[in-house]
Amino acid sequence: MKGTLMLACMRNEGAFVLEWLAWNRMLGFEKFLIMHNDCTDRMPQLLRLLERHGVLAAKRHHPKPDETPLGSAYKAARSHPFLKECDWMFSCDVDEYLVIRKGNGTIDELIGNGAEERFRGMSIHWLIFGTGDEDQWEDRFVHQRFLKSAPEKARQNNCVKSFVYKPLEFGRLRSHAPKFWRGEGKWDTGSNHWVFSDESWFEDFHPTLNALNGSHHKLVTHKAAHLNHYILQTKEQFAFKKGSPGSAGSVNRYTDDFFNRFNHTSVENTSTLAFKNRFDAEYAKLVAIPGVLRLHHLCCADLVKAMCAKRGDNHQKDPRFIYHKDMAQSLPKPEPRNQTA
């Protein structure tokens, strides 16, 4: 969909970039801007290669000591040409997958047909997916592996991520919804208001007076769309996160209580599988770029190495590390820069 932008903030997510990118290309986003900082895996190299082939734009930012990584990323993103050029922007994380339940399942179904004349922003509620008793990380598609979720009205689904029309007309960009309306006209007049994915009015939201991150859980709606949030994934991955600060600055986010509250698996949910053929086609285009699959495997090896180091294991003896290193060595390196399109 022309004029649409996906903005994401990432750090050490190289093993997951290709799947997430293929999914969102399938949804119809025109442009992608990936903000990254302080990576220790080979994600920056992967992003640079994809950028050379016109798939996305990548920008490194440098959080100050008194800044959160997310705060730094959104501030730095404002100066990028993609933000100035776009009509609609959506921002989500690499573990969040937008599922649209209207028409052909593309973003045009949600924000096409003159949506800007009806509202300035649309919030999509989370749908939390638990571990499903999956223990170890494997290089498998997240959206096809985890198929058990929370019920719609679960409290943990109350958070939102948002489509924003003309994002630079707001004074501050945030991960859930923007703050400080600076566009024409008063807020809550004409089209200057916020809606949920079914276009019902998000009555409590006001970008200056009350810029919310979510709604009351009784207002959660998945009728038109939901944002599948694979917030835990495997038990090994959660153990790796424990004790590390979140990107929004929460030092003690990944606790046992957090795991128990978000490990929802009561509802069988296979909504993502309906898009398999379209997803596979987009994924195939990405891995056909020379050097992309090699860097993907190196990022996978980096992830295994980091998880082993956290728990004091020798990564050289982990079969997953050995496999991904061998795969990387068997694949060609990217073409020289002057030979790429």
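The legends below accompany close-up views of a predicted model.

**View A. The largest nonpolar core and the residues with the most contacts inside it.** This core has 79 residues, and those with the most contacts inside it are Trp20, Leu50, Leu56, Leu98, Leu110, Ile124 and Phe163. Helix 10, spanning residues 292-311, supplies the largest share of the core, with 9 residues. A second, separate core consists of 15 residues, among them Ala57, Leu70, Cys86 and Leu173.

**View B. Surroundings of Leu50.** When neighbours within four places in sequence are left aside, Leu50 is in contact with Val17, Leu18, Leu21, Val55 and Leu56, and also with Leu286, Ile289 and Val292.

**View C. His176 in the loop between strand 9 and strand 10.** The loop that holds His176 runs between strand 9 (170-172) and strand 10 (179-181). Because its relative accessibility is 15%, under the 20% cut-off, His176 counts as buried. A polar atom of the His176 side chain lies 2.7 Å from the backbone oxygen of Val160. Not counting residues up to four places away in sequence, His176 touches Trp126, Cys159, Val160, Lys161, Ser162 and Asn213.

**View D. Packing of helix 10 against helix 11.** The axes of helix 10 and helix 11 (residues 319-330) are 8 Å apart, and the two helices pack at an angle of about 155 degrees. Since angles over 145 degrees count as roughly antiparallel, helix 10 is roughly antiparallel to helix 11. Their crossing is left-handed. Residues of helix 10 that meet helix 11 include Arg294, His297, Leu298, Cys300 and Ala301, while those of helix 11 that meet helix 10 include Arg320, Phe321, Tyr323 and His324.

Note on methods
Residues are numbered from 1 along each chain as its sequence is written. This is a predicted model: local features need pLDDT of at least 70, side-chain atom pairs count only at pLDDT 80 or more; totals for chains, interfaces and linings use all residues. Side-chain values use heavy atoms; hydrogens and water are left out. A nonpolar core is a set of buried Ala, Val, Leu, Ile, Met, Phe, Trp, Tyr and Cys residues joined through side-chain atoms within 4.5 Å. Buried means under 20% relative accessible area, exposed over 50%, partly exposed in between (1.4 Å probe, protein chains only). Helices (H or I, at least four residues) and strands (E, at least two) are DSSP runs, numbered from the N terminus. Contact means heavy atoms within 4.5 Å. A polar contact is a pair of N or O atoms within 3.5 Å; within protein, one must be able to donate a hydrogen and the other to accept it, and residues adjacent in sequence count only if both atoms are side-chain atoms. Axes are lines fitted to C-alpha atoms, for helices over the stretch in contact, and angles run from 0 to 180 degrees between N-to-C directions. Angles under 35 degrees count as roughly parallel, over 145 as roughly antiparallel, 65 to 115 as roughly perpendicular and the rest as oblique. A crossing is left-handed if the near helix is turned anticlockwise from the far one by less than a right angle, and right-handed if clockwise.
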